[in-house]
Amino acid sequence: MSERLGRLEPFLLIAAGGFVGAALRFAVAEALPAQALPWGTLAANVAGAFLLSLLLYENRLVGSLGPETRLVVGTGFCSSFTTYSTFAVETAALAGLPGIGAGAGMPMLAVANVALNYALGFAAIGLGQVVARVLA
C-alpha cells in the first residue's frame, strides 16, 4: 500500500503545483486586461520562463532544492502558469484567422505578440541564469 502511495507522490506534487500555476495565470490575465496585445499571457510566459530558468540553473549550480521542489515548481507550477496554447490562439486571433475569436485582423500586432513573447522569454531565461549565479 505504501509503495502505491509513493508512486502517486510525483503526480500529486505536479497536480498541486499545476493547480496553483493555473489559478495564478488566470489572476494575472484578469489583472492585466487584454487591450491591443494580450498582456496577461505575455507577463505569465515571461515570468514563467524566468522562474523555470532560475530553478534549472539553481539545480545545475547549487542543487540545494530537492526533486520534490522541482516537480512542484518546475513541472507543475511553471507548466500551468505559462501557456503556449493561449499564446497561439491569441496570436491567431490578432492575425484575424477566420473562426478564432473576434478576428481583429491586425497582422502586425500578431507579429509583435510573437516577437515580444520570444524575445522577452529568452531574456528572462538569461536573467534567471544570472540571478542563479549570483545566488550560488
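Predicted model: local features only at pLDDT ≥ 70, side-chain atom pairs only at ≥ 80, totals over all residues.
Residues are numbered from 1 along each chain as its sequence is written, and side-chain values use heavy atoms, with hydrogens and water left out. Local features need pLDDT of at least 70 and side-chain atom pairs count only at pLDDT 80 or more, whereas totals for chains, interfaces and linings use all residues.

Helix α2 (residues 39-61) packs with helix α3 (residues 67-81) at an angle of about 160 degrees, the axes being 9 Å apart; helices are DSSP runs of H or I with at least four residues, numbered from the N terminus, and axes are lines fitted to C-alpha atoms over the stretch in contact, with angles from 0 to 180 degrees between N-to-C directions. The two helices are therefore roughly antiparallel, a term applied to angles over 145 degrees. The contact (heavy atoms within 4.5 Å) is made by A44, A47, G48, L51, L52, L55 and N59 of α2 together with R70, V73, G74, F77, C78 and F81 of α3.

Within α3, the residues G74, G76, F77, C78 and F81 are buried, that is, under 20% relative accessible area with a 1.4 Å probe and protein chains only. The buried residues of α3 pack against α1 (2-31) and α2.

N113 is found in helix α5 (residues 107-135) and, at 2% relative accessibility, counts as buried. Apart from neighbours within four places in sequence, N113 is in contact with L37, P38, F87, T91 and L94.

How values were computed:
Parallel < 35°, antiparallel > 145°, perpendicular 65-115°, else oblique. Buried < 20%, exposed > 50% of the residue type's maximum accessible area, 1.4 Å probe, protein only.
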